[in-house]
Amino acid sequence: MATVISYGAAEVVTGSCHLLELENGKQILIDCGMFQGGEEERNADAFGFDPAQVDFLLLTHAHLDHCGRMPKLVKEGFDKTIVATQATFDLAEVILLDSAKIMLEDYETHFKKALRRGSEKEVNPPLYGEDDVRDALSLTRILPEYGEPFTLCKGVEVTYRDAGHILGSAFIEIAYEEAGETRTIVFSGDIGNDNDMVLPNLAPCRHADYLYTESTYGDRDHQNALQSTAEFKKVITDTLFDWGNVLIPSFAVERTQEILFLLKEMHESGELPHCRIFVDSPMAIRATEVYDRYSDLLSAKCREVKARDGRVFDFELLSYTLDVGESKAINQIDSRAIIIAGSGMCTGGRILHHFKHRLWNRKNALIFVGYQAAGTLGRRIIDGEKWIKIYREDIRIEASVYTINGFSAHADQSGILSWIEGMNGVKKIFLIHGEADKELLFKQAIAEKLHKEAHIVEQNEVIYL
């Protein structure tokens, strides 16, 4: 009998890691992501399984909470085959190398401080380095095309379908033979919000016997895309006309590209007051280059812009600030700057420097356009904190704070329910990638609206299919 054990993203959003073991003994790992927010300390823990015994790693997409521990997996013995779209591999290279760099910098900082107090042995080394990333990316690859089934191994057929979440993202259908029957298990990864701005909409899933689905926003519906766009435009224009600045902590992948595309549309339509726009994140800059390179996977609107301009996102008001000197120079601009910087949850990165220089000014605006995990600085600000500490300095929050969740790259409750409703043959639904209280509400919604049973998966729980 096939089993699934979730070693991450069980009653939490991050740390995606699900091990499918088939009756024939094959072990298939779906995702190997980092824990984020209040769960970060778990990244150094043992996996709970032997990486050397895993036969295949199937990646749904390149976000750090889905691929971030892949180099650690390889470092600890996995040496087989990794399956992902080509765009996912290219984005994962950008994201993982950035992750390795940040971990090394954090380690060096903490080690120097510990050395001065004689406790250097207590400082944990980085999970992995750049060489480990390259070792992982050099393993044997399978590069699936959306909607085209392929044989993973004897008796196992896999299909990747467009999840509409980020570039290259997919939900994965795994059809396997057991007791003379073919059964299909589907892992959603993260599924998209169908705003059709930068990416095409989520592909349908026609059949699943068993479904492992994300539930990040299973407790609510987003504001619709038109309302969100209108609210975003109003905040931008009101702030700029008042000679203020706009801070946007943004995830380097997908959210930054959506914001850039929207700002470009505003500029071309005459809605955007004259200003300077900065993408102040080396990772976001490199990710944007990958998006432009794979413009054939983007929305029809993006493909039209690429054909017209040669580039999807660039326009004359936009500057990319790669080095630290260029980043610091932004502080010399007194007004009418839009600053898009990482990290998306404000756990580090250049956005903290901009917070230090601009959050205390009531003319400025802070716009959150993505999910803020429990325990992160972004979540604390959204929850109403008026003072924050940045680099040992207390900063008063006087800037206006907005949360515009219609830009979320995750489907909301109605979106996930509609996706599930289109599936035939679903025997059991398993809820992952969500905070426990939100999963409980989503479970109730599935029962009430779809008349189906859902199970909230616990960490390390063995599920017999």
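## Hairpin of strands 9 and 10

Ala179 adopts a positive phi near 55 degrees in the hairpin of strand 9 and strand 10, where two residues lie between the strands. The model is a predicted one, in which local features need pLDDT of at least 70, side-chain atom pairs count only at pLDDT 80 or more, and totals for chains, interfaces and linings use all residues. Residues are numbered from 1 along each chain as its sequence is written, and side-chain values use heavy atoms, with hydrogens and water left out.

Strand 9 (residues 170-178) pairs with strand 10 in the antiparallel sense over seven bridges, and Ile174 stands opposite Ile185 of strand 10. Helices (H or I, at least four residues) and strands (E, at least two) are DSSP runs numbered from the N terminus; two strands pair if DSSP finds at least two bridges between them.

## Surroundings of strand 10

Strand 10 also runs parallel to strand 11 (residues 210-214), to which three bridges join it. Here Val186 stands opposite Leu211 in strand 11.

Because five of the seven residues of strand 10 (residues 181-187) are buried, this strand is largely enclosed by the rest of the structure. Buried means under 20% relative accessible area, exposed over 50%, and partly exposed in between (1.4 Å probe, protein chains only).

Seven strands form an open sheet with mixed pairing, in the order 6-5-4-3-2-1-22. Strand 6 (140-142) and strand 22 (462-464) stand at the edges with a single partner strand each, so one side of each is left without a neighbour in the sheet. On average, neighbouring strands of this sheet are turned by 25 degrees against each other, direction ignored.

Within the sheet order, strand 2 (residues 17-21) and strand 3 (residues 27-30) pair in the antiparallel sense over four bridges. Leu19 stands opposite Leu29 in strand 3.

Met1 is found in the segment before strand 1 (3-8). Met1 counts as exposed because its relative accessibility is 56%.

## Overall dimensions

The protein contains 13 helices and 22 strands. Its radius of gyration is 22 Å, close to the 23 Å that the globule rule gives for 465 residues, so the protein is as compact as a globular protein of that length. This radius is taken over C-alpha atoms, and the globule rule is 2.2 Å times the number of residues to the power 0.38.

Taken along the principal axes, the C-alpha atoms fill a box of roughly 70 × 60 × 40 Å. Of the 465 residues, 57% count as buried.

Notes
Axes are lines fitted to C-alpha atoms, for helices over the stretch in contact, and angles run from 0 to 180 degrees between N-to-C directions.
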